[in-house]
Amino acid sequence: MTYVDGFVLAVPTANKALYKAHAEGTIDLFRRYGALKMVETWGVDVPDGEVTSFPMAVKLKPDETVVFSWIIWPDKATRDKAWAEMTSDPDMAAMVEIPFDGKRMIFGAFEPLMEVTLG
């Protein structure tokens, strides 16, 4: 069964192109370690909530945009091995500067409950 890493983060809106370039720069790395798919989305209609919301969760500032991303792996074992090995990969170490505040990034790993292709 596939396994999914999910991320929600706040990116300075002025860094959109920089963020996209950063994400594109990780494609080969994740492919090499077995990822099946990467998706990066730029928030367009991400409302504030009364109790909780994406903007509240990442402590979004007025000049930032919420980004929601995920990586699909073939299984948990591949994902776990990849993350363990990537931490010492020189290509990962070369990505020192990230165009967002990593301290406010929310991330987690998920097992799909259901996956349906519609259409």
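Visitor: Is Trp73 buried or exposed, and what is its relative accessible area?
Guide: This is a predicted model. Buried means under 20% relative accessible area. Trp73 falls under that cut-off, so it counts as buried, with a relative accessible area of 0%.

Visitor: Which element holds Trp73, and how many residues of that strand are buried?
Guide: Trp73 lies in strand S3. S3 has 10 residues and is mostly covered. The number of buried residues in S3 is eight.

Visitor: What kind of pair do Tyr19 and Phe100 form?
Guide: The ring centres of Tyr19 and Phe100 are 5.9 Å apart. Planes over 60 degrees apart count as edge-to-face. The planes of these two rings stand at 65 degrees, so the pair is edge-to-face.

Visitor: How many residues apart in sequence are the parts that Tyr19 and Phe100 tie together?
Guide: Tyr19 lies in helix H1, residues 16–24. Phe100 lies in the loop between H5 and S4. The pair therefore ties together parts whose separation in sequence is 81 residues.

Visitor: Are Tyr19 and Phe100 buried or exposed?
Guide: The cut-off for buried is under 20%. Tyr19 has a relative accessible area of 7%, and Phe100 has 14%. Tyr19 is therefore buried, and Phe100 is also buried.

Visitor: What is the angle between the ring planes of Phe30 and Trp73?
Guide: Phe30 and Trp73 form an aromatic pair, 6.1 Å centre to centre. The pair is edge-to-face, with an angle between the planes of 70 degrees.

Visitor: Which helix does the pair of Phe30 and Trp73 tie to strand S3?
Guide: Trp73 is on the strand side, in S3. Phe30 is buried, with a relative accessible area of 7%. The parts tied together are 43 residues apart in sequence, and Phe30 lies in helix H2.

Visitor: Which residue joins Phe30 and Trp73 in one aromatic cluster?
Guide: Phe30 and Trp73 are an aromatic pair. The cluster also takes in Trp83.

Visitor: Why are the buried residues of H4 on the same side?
Guide: The buried residues of H4 are Arg79, Ala82 and Met86. They sit on the same side because the arc they cover around the axis is only 65 degrees.

Visitor: Which residues are exposed on the other side of H4, and what covers the buried ones?
Guide: The cover over the buried residues includes S1, H2, S3, H5 and S4. On the other side of H4, the exposed residues are Ala77, Lys81 and Ala84.

Visitor: Which side chain makes a polar contact with the side chain of Asp89?
Guide: Asp89 is in the loop between H4 and H5. At 8% relative accessibility, Asp89 counts as buried. Asp89 touches Leu29, Arg32 and Tyr33, not counting residues up to four places away in sequence. The polar contact, at 2.6 Å, is with the side chain of Tyr33.

Methods:
Residues are numbered from 1 along each chain as its sequence is written. This is a predicted model: local features need pLDDT of at least 70, side-chain atom pairs count only at pLDDT 80 or more; totals for chains, interfaces and linings use all residues. Side-chain values use heavy atoms; hydrogens and water are left out. Buried means under 20% relative accessible area, exposed over 50%, partly exposed in between (1.4 Å probe, protein chains only). Helices (H or I, at least four residues) and strands (E, at least two) are DSSP runs, numbered from the N terminus. The arc is that of the directions from the helix axis to the C-beta atoms. Contact means heavy atoms within 4.5 Å. Rings of Phe, Tyr and Trp (its six-membered ring) pair if their centres lie within 6.5 Å; planes under 30 degrees apart count as stacked, over 60 as edge-to-face and the rest as tilted. A polar contact is a pair of N or O atoms within 3.5 Å; within protein, one must be able to donate a hydrogen and the other to accept it, and residues adjacent in sequence count only if both atoms are side-chain atoms.
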